[in-house]
Amino acid sequence: RVHGESSAFFQQRFNPSENSKMSQSPSTRKQCDFTKLMISGYEVELNNGNTQDFYVTFHGPKGTAYEGGVWKVHVCLPDQYPFSSPSIGFSNRILHPNVDEASGSVCLDVINQTWTPLYSLVNVFEVFLPQLLTYPNPTDPLNSEAASLMMRDKEAFEAKVKDYVKRYASREAYENSRKTSDGEGGDGGGRYVYVNGGGRVGSM
């Protein structure tokens, strides 16, 4: 089951004639998609300098209970990406029926089951995740407590979502969590932040 909208919706958002994507080698495609993320203005933090294991700053969609939230989304690209789907998970806490609160794992069929090489990382952050947060599906949950609350009392659910945003995903909370992780010193200078648009490319 696709959470939010059908796989046909996502297929229609992209040009199926993009054969160039299909013909690229996995290593070339990984680098291409990673670069496109930065070109699109996303803040990307490498995990030990690895472009297959990194974090992307993701903002909650406007007009939803998640608006104003800032999440650090962990992305792992398998060796066979884009023929195999990326692994996507929220690092800071989020209340959502289709996101496991403990692990941050995402239940979204367009990533987990119906992924095709026509999709890219930019699609994940510009279409798939915003759709997931805009249209939660409480009938097939990873977080049964959130799903139950949403079905029982939507206003209470949205109030709790906003409380989570304030406590765990506000800009202040996000920046504080980054300072804490930076101070733990486990990377040995291996983490980098690339910011497109401001001309800044460098280590944290």
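In this predicted model, the residues that line the largest pocket comprise 7 nonpolar, 3 polar and 2 charged residues. The lining is formed by Gly 63, Thr 64, Ala 65, Tyr 66, Leu 133, Thr 134, Tyr 135, Pro 136, Met 150, Lys 154, Phe 157 and Glu 158. Within this pocket lies about 170 Å³ of space. Two helices, helix 5 (121–134) and helix 7 (154–168), each contribute at least two residues to the lining of the largest pocket. The greatest contribution comes from helix 7, which supplies 3 residues.

The protein as a whole contains 8 helices and 6 strands. Read from the N terminus, the elements follow the order α-α-α-β-β-β-β-α-α-α-α-α-β-β. Of its 204 residues, 46% are classed as buried. The accessible surface amounts to about 9,900 Å², and carbon and sulfur atoms account for 46% of this area. Contacts were also examined by separation along the chain. Among contacts between residues at least 6 apart in sequence, 62% join residues at least 24 apart.

Thr 57 provides an example of a buried residue. This threonine is located in strand 2, which spans residues 50–59. The relative accessible area of Thr 57 is 8%, and the residue is therefore classed as buried, since the cut-off for that class is under 20%. When residues up to four places away in sequence are left out, Thr 57 touches Tyr 42, Glu 43, Val 70, Trp 71 and Tyr 174. One of these partners, Val 70, falls within strand 3 (70–76), as does Trp 71.

In the loop between strand 1 (44–47) and strand 2 (50–59) lies Asn 48. The phi angle of Asn 48 is near 55 degrees, a positive value in a residue that is not glycine. A further loop, between strand 3 (70–76) and strand 4 (87–90), contains Pro 82. The peptide bond that joins Tyr 81 to Pro 82 is cis, with an omega of about 15 degrees.

Conventions
Residues are numbered from 1 along each chain as its sequence is written. This is a predicted model: local features need pLDDT of at least 70, side-chain atom pairs count only at pLDDT 80 or more; totals for chains, interfaces and linings use all residues. Side-chain values use heavy atoms; hydrogens and water are left out. Helices (H or I, at least four residues) and strands (E, at least two) are DSSP runs, numbered from the N terminus. On a 1 Å grid over the protein atoms alone, a cavity is a set of points where a 1.4 Å probe fits but cannot get out, and a pocket is an open set with protein on both sides within 12 Å along at least five of seven lines; lining residues have an atom within 4 Å of a point. Grid points are joined across faces, edges and corners, and a volume is the space filled by probe spheres set on the points. Ala, Val, Leu, Ile, Met, Phe, Trp, Tyr, Cys and Pro count as nonpolar, Asp, Glu, Lys and Arg as charged, and the others, Gly among them, as polar. Buried means under 20% relative accessible area, exposed over 50%, partly exposed in between (1.4 Å probe, protein chains only). Contact means heavy atoms within 4.5 Å. Accessible areas come from the Shrake-Rupley method with a 1.4 Å probe; for residues, only the protein chains shown count as cover.
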